[in-house]
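Dear colleague,

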Amino acid sequence: MPVIAPLDADSFVVATCFLGDVAAFALGDGSVKFLGGHVDHLSVYKDGLLSAVPAQDGRALITGGMDGKVYQVTAEGEATLLAERSRKWIDLLATGPQGAVAFASGRTAWVRLQDGSEKEFQLPRAVGGLAFAPKGMRLVTSRYDGVTLWWVNAQGDPQELFWKGAHGDVCYSPDGKYLVTAMQENALHGWRLSDSQDMRMSGYPAKTKSMSWSAKGKYLATSGAQAAILWPFSGKSGPMGQQPLELGVRSDSMVCHVCCHPKEDMLVVGYEDGMIMAVRFEDNAEVLLRRPGGGPVSAMAWDAKGMRLAFGTQEGQAGLITIGE
Amino acid sequence: MSETTDTRIPVTVLTGYLGAGKTTLLNRILSENHGTRYAVIVNEFGEIGIDNDLLVESDEEVYEMNNGCICCTVRGDLIRTVENLMKRKGAFDAIIVETTGIADPAPVAQTFFMDDDVRKAARLDAVVGVVDARHVLQRLKDTDEAQDQIAFSDVILLNKTDLVDAAELQNVRAVLQKLNPYAQVVETERCAVKLADVLDRGAFDLDRILDLDPKFLKDAASAQAHEHAHDHDHKHDDDCCSSGCCGGDNHEHKHDHGEHHVCGAGCDHDHSHDEDDGLHSVKSISLRAGDLDPQKFFPWINEVTQLEGPNILRMKGILAFKDDPQRYVVQGVHMIVEGDHQREWKAAEARESRLVFIGRDLNQQALKEAFMACVV
């Protein structure tokens, strides 16, 4: 077993990430805890924290809360208020190029640019997910019956892509050629952006709550089944007509979180019983990283070198797993 | 699931049209010194303030599930809010959802059965309808929503009784009784209600179907029988659309004597459909029979809930199946049907199957005949 440095998070671990060498854990009780830095703990929200994502430059964690505030939190323990929407829950966040932060509540999404100015985007139905394109200041908002794509700094009508049903989490492939959403109906939907070709990825017994692109965007790993489901995206037509990989199959627990290694063709798989396994794509070789316990795995992140894994669970257990030196 | 093992957060849904007194009831619940911490979900922050730590505004987002059921709708905003609330698990003990005056209660209720994550975290305790004694009759004439809200309620708070005279109050009672004879009606002024009358009702709990049905309770045998219902170990089947559209394949049983519900001595509602005939397309249909053949009953209930699902607001039943020593209980909302064995029939109690539909434009004669065809 690899070495685990535990952290008593004591609250639902909403997200984790590395800010340089420091692991940050954003917790449902409104605090952020750190491992490996000079500061252990920072109380950011009085009520609760709903969302957190690392800034694209990796220097800060952006958080959204039940009090409608969006903060930028650093490993030095500084929290800077970026935006506020009183009485709204900020449960969706995305970070973009040049310090841009997108956040949403109800039927409105906003982008805060680095200079502090804000752009507002109205939708007819609630925003289900947010993501920035890998290139250009382009924002995608998922919604009921499809997604809407906006040029943040340009006027004009947004681009709409339709597919019936409720769309939640959304992500771009790293090459920017595909968009994938997790739907209410235990399925993913994808679009090839060059021609708006639809791709339906189904067969899940549960909703997909976690998606992660493998190194160089070869696969999209997803949760929602008794194995991590990895859809191949390296061919010309993405996953269409291809069988996904099924890695880390278990008969007694469901996969609820996935996180691909930043360099190697392997990923870590988090299960509902708290177990974490590392699995290699090539031969499905498995290494147990954490035994079951502490509720479903709710957050995982690799450091930049892929040597250490931060993790957290819904019942407030967390820690750092060192894979190698 | 027995109460000792069900750790899911109970959810109470408050329904009722604007001005009926929902917010007054909400504040009453919140201000009472009961030690329970609530998370409150409101559709809009109204003029009356709500003093509660965990309070969220939630825009109504009705999602159709893409499974072929036109009535399988859920509230996407509630799914998300419950999911978000779970990040604060431990900070509250129960959830109250206050809907708008024009909200359809069915998608709210269905959310707690259709979405797996919500089901795992929370259980629908009861739908409480707040009704304004002075305006309810007019509202019933004006809107379908008002009918649906009453038909859907497990508890009806007949509020503002001080604003009407005795004759009008009696009239209102009779109309409510007709729309939904299975709800418990609590008459109040300014929503002054004992919290036990609206909270922890277990109205969707299969084990407690009997407890909440005053008409069923009038039957001495079942009244006696229900006392020990909680001593037994139950397993619950997964609920599903009975039509099979959700991939489930659930059973339920029911049979029927085809009788209307039996009115008690104090019941003064109108059986003859005279002056308000046609005004209320919502009505309840109560069916009774002896032992049923499950091979006939399940295909029928699947079919009827598939075909009539959009019109069936609520369904509840207790069924006796041929050669089955256990009672089977069933409850449903539109096309979603949930059923399970409850406990052994007692020696002293008559084996009988009873099924109640509350719905819109239901064909009573056809339901009765089809139900009777399931009798062994």
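In which sense, antiparallel or parallel, do strand 22 (residues 228–232) of chain A and strand 23 of chain A pair, and over how many bridges? Please bear in mind throughout that this is a predicted model. The two strands pair in the antiparallel sense, over three bridges, and within strand 23 of chain A it is A:L247 that stands opposite A:A228.

This pairing belongs to an open sheet of four strands in chain A, with the order 20-21-22-23 and antiparallel pairing. Its edges are formed by strand 20 (211–213) and strand 23 (245–247) of chain A, each of which pairs on one side only. On average, and with direction ignored, neighbouring strands of the sheet are turned by 25 degrees against each other.

Turning to the cores, the largest nonpolar core has 88 residues, of which B:L25, B:I95, B:F112 and B:V198 touch the most other members. Strand 7 (residues 122–132) of chain B gives the most to this core, contributing seven residues. Because domain 1 (9–198) and domain 2 (237–372) of chain B both give residues to this core, it lies between them.

As for B:I95, when its neighbours within four places in sequence are left aside, this residue is in contact with B:I9, B:P10, B:V11, B:T12, B:A39, B:I41 and B:L85.

With best regards

Technical notes
Residues numbered from 1 in each chain as written. Chains lettered and ligands numbered in written order. Predicted model: local features only at pLDDT ≥ 70, side-chain atom pairs only at ≥ 80, totals over all residues. Heavy atoms only, no water. Pairing = 2+ DSSP bridges. Axes fitted to C-alpha atoms, helices over the stretch in contact; angles between N-to-C directions. Core = buried A, V, L, I, M, F, W, Y, C linked by side-chain atoms within 4.5 Å. Buried < 20%, exposed > 50% of the residue type's maximum accessible area, 1.4 Å probe, protein only. Domains from an automatic or database assignment. Contact = heavy atoms within 4.5 Å.
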